[in-house]
Amino acid sequence: MPLPLAPRARTGPRRRSLLTVAPAALLAAGCSAGPRDTGHAADSPPPASERARVRAARDSWELAERYDIVIAAHAGLAQRLGPLRENAVRHAKAFEELGTSAGSASPAPKSPAPTGTGPSAPAPVPVPAKEKDALSGLAAAEREIAGRRLEALLDAPAELAGLLASVAAAGAAHAFLLTEG
């Protein structure tokens with residue numbers, strides 16, 4: 001007599017696996033940095049790696065702000081989205097700390113600018129009325145930013161590349177968690 005099949009065969013990693021792997025990847029990559037010399041003069045333009053680091057920090061702050069906007073529009077999602085938002089804040093701080101420990105001449109902003117302020121501020125992203133659509137929008141943002149980080153790590157020095165890779169992996173896990181459940 002054959003054994004009955006499971007009602008639904010799961011493909012891909014399980015949610016619990018992703019939740020345990022993402023923090024371990026961050027620890028393995030080493031989110032803190034030791035002191036080092038950047039090797040560029042204060043009056044010269046920052047190297048590409050510095051621009052990538054600043055962009056990554058800014059992207060994380062903007063992602064945290066986007067989580068705030070969705071949470072404000074859909075209070076019922078606050079418990080689910082709160083930890084993901086906090087991860088985005090931790091990622092932004094890790095990129096900033098990497099720059100300050102390296103003697104960066106152009107640190108990233110310490111907190112996100114309010115949406116819609118300043119001459120070059122992007123227009124606020126409208127929040128869909130349906131929670132599922134709002135979650136899909138956040139997942140798409142996580143995937144887009146993770147993709148940019150994977151591209152940036154190709155030319156980044158080892159320490160920044162490790163941080164970019166681990167944060168990109170966390171972003172991919174966030175996108176998965178946002179679309180499941």
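H2 and H5 cross in a left-handed sense (the near helix is turned anticlockwise from the far one by less than a right angle). Both are DSSP runs of H or I with at least four residues, numbered from the N terminus. The model is predicted, so local features need pLDDT of at least 70 and side-chain atom pairs pLDDT 80 or more, while totals for chains, interfaces and linings use all residues. Residues are numbered from 1 along each chain as its sequence is written, and side-chain values use heavy atoms, without hydrogens and water.

The axes of H2 and H5, lines fitted to C-alpha atoms over the stretch in contact, come within 11 Å and cross at roughly 25°. The two helices are therefore roughly parallel, the term for angles under 35 degrees between N-to-C directions. On the H2 side the contact (heavy atoms within 4.5 Å) involves Ser49, Ala52, Arg53, Ala56 and Tyr67; H5 supplies Leu160, Leu164, His174 and Leu178. Six of these residues are nonpolar, two polar and one charged, with Tyr counted as nonpolar and Arg as charged.

The model has one cavity of 30 Å³ or more. A cavity is a set of points on a 1 Å grid over the protein atoms alone where a 1.4 Å probe fits but cannot get out. Its volume, the space filled by probe spheres set on the points, is about 60 Å³ for the largest cavity. Helices H2 (48-73), H3 (78-101), H4 (131-152) and H5 (158-179) each give two or more residues to the lining of this cavity. Lining residues have an atom within 4 Å of a point; among them are Ser60, His91, Glu142, Arg149 and His174. By class the lining has six nonpolar, four polar and two charged residues.

Methods:
1 Å grid on protein atoms, 1.4 Å probe; cavity = no way out; pocket = protein on both sides within 12 Å on 5 of 7 lines; lining within 4 Å. Axes fitted to C-alpha atoms, helices over the stretch in contact; angles between N-to-C directions. Parallel < 35°, antiparallel > 145°, perpendicular 65-115°, else oblique.
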